[in-house]
Amino acid sequence: MQDVLDPLKNPVTWAAPFFVLTILVELAALRWLDHDDNVTGYALKDARASISMGVVSLVFLTLFKVVSFVGFVAVYAYVAPFHLPTDTWWYWVLVVLGVDLGYYWHHRFSHRVRIAWAGHQAHHSSEFMNFGTALRQKWNPWFEFFFWLPLPLLGFAPWTLYVAFGLNLVYQFYVHTELVEKLPRPVELVMNTPSHHRVHHGSDPEYLDKNYGGILIVWDRLFGTFAEEHRRPRYGLTTKVETFNLLELQYGHYREIWADLRGARTWRERWGYVAGPPGWTPERGTPTPAERAAQP
């Protein structure tokens, strides 16, 4: 347990100075280098909110580690039929792939189930796409446990899951930018890139619920959720956010769910408001991407 919680064993800790340096380089590039006029850069209040959310998220991520690690160790020690050797190169390839696949399905779940979207939407609340936005992390990581659970059952040591997930987070930081255009086609075919992730942050109808991959984009290509970047996305939520209040950004959607539940007339409606996709209503059912994008 101590090794898992030790910040010096977390790849994100080692990467933090490079995050700061990268943000400074991006700011300098926006100020002094030629770039597409459509690139929006930074806004002080928005960047401050993003960075603040990232700092506080470290507390919630640590709590998640404590709770989930106990469960993972129990499954690994008492249920897993075998334990894979952690001192081989192929083990680390498999655990990174396994965590990335689990991330894909958790990420997709977070966009398609409203109670999970209530926690995840904070990350999408910025109308800017920059390295500061990468730090706009959610404070509610609880559903991740269920998508990682198969890995200790398959013999992956629990502590290695957190190392792999740290690497996953570090990689994803660098896809949050408008300054990097499309990369060579072999890279775009396999890896999640800034171009692919700009699509994911778009609120345009053709971009909604696309490109969930963390490190690899092949999962989206395999499971039918891939979209190419054909034009600059409109970033942010389909409903414009008019606040920089951190509590409102993180928990405001839970209040909206509660209000809908109080007005629900049947158990079907209650279930739809919690487990249906964002924008679900009893009258309309599941909205299309165009309907979601047109929501006021």
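Rings of Phe, Tyr and Trp, the last represented by its six-membered ring, are taken to pair if their centres lie within 6.5 Å. On this basis, a search of the whole structure, which is a predicted model, finds 26 aromatic pairs. One of these is formed by F69 and Y162, whose rings are tilted, with a distance of 6.1 Å centre to centre and an angle of 55 degrees between the planes. This pair links distant parts of the chain, since F69 belongs to helix α3 and Y162 to helix α9 (residues 158-173), 93 residues apart. Y162 also pairs with F72, and because the ring centres are 6.3 Å apart and the planes stand at 45 degrees, this pair too is tilted. The link is again between helix α3, which holds F72, and helix α9, which holds Y162, at a separation of 90 residues.

The loop between α3 (44-78) and α4 (89-112) contains T86, which counts as partly exposed because its relative accessibility is 28%. When residues up to four places away in sequence are not counted, T86 touches Y91, W92, A157, W159 and T160.

Helix α14 (residues 267-275) has buried residues at E269, G272 and Y273. Seen down the axis of α14, these buried residues fall within an arc of 95 degrees, and they therefore line one face of the helix. In general, an α-helix has 3.6 residues a turn, so that residues three or four places apart point the same way. The buried residues of α14 pack against α5 (114-120) and α13 (246-263), whereas W267, R268 and W271 are exposed on the other side of α14.

Charged side chains also sit over aromatic rings in the model. The charged end of R270 is placed over the ring of W267, at 4.6 Å from its centre, and W267 is one of the exposed residues of α14. Elsewhere, R221 lies over the face of F226, at a distance of 4.0 Å from the ring centre.

Note on methods. Residues are numbered from 1 along each chain as its sequence is written. This is a predicted model: local features need pLDDT of at least 70, side-chain atom pairs count only at pLDDT 80 or more; totals for chains, interfaces and linings use all residues. Side-chain values use heavy atoms; hydrogens and water are left out. Buried means under 20% relative accessible area, exposed over 50%, partly exposed in between (1.4 Å probe, protein chains only). Helices (H or I, at least four residues) and strands (E, at least two) are DSSP runs, numbered from the N terminus. The arc is that of the directions from the helix axis to the C-beta atoms. Contact means heavy atoms within 4.5 Å. Rings of Phe, Tyr and Trp (its six-membered ring) pair if their centres lie within 6.5 Å; planes under 30 degrees apart count as stacked, over 60 as edge-to-face and the rest as tilted. A charge sits over a ring if NZ of Lys or CZ of Arg is within 6 Å of the ring centre and within 35 degrees of the ring normal.
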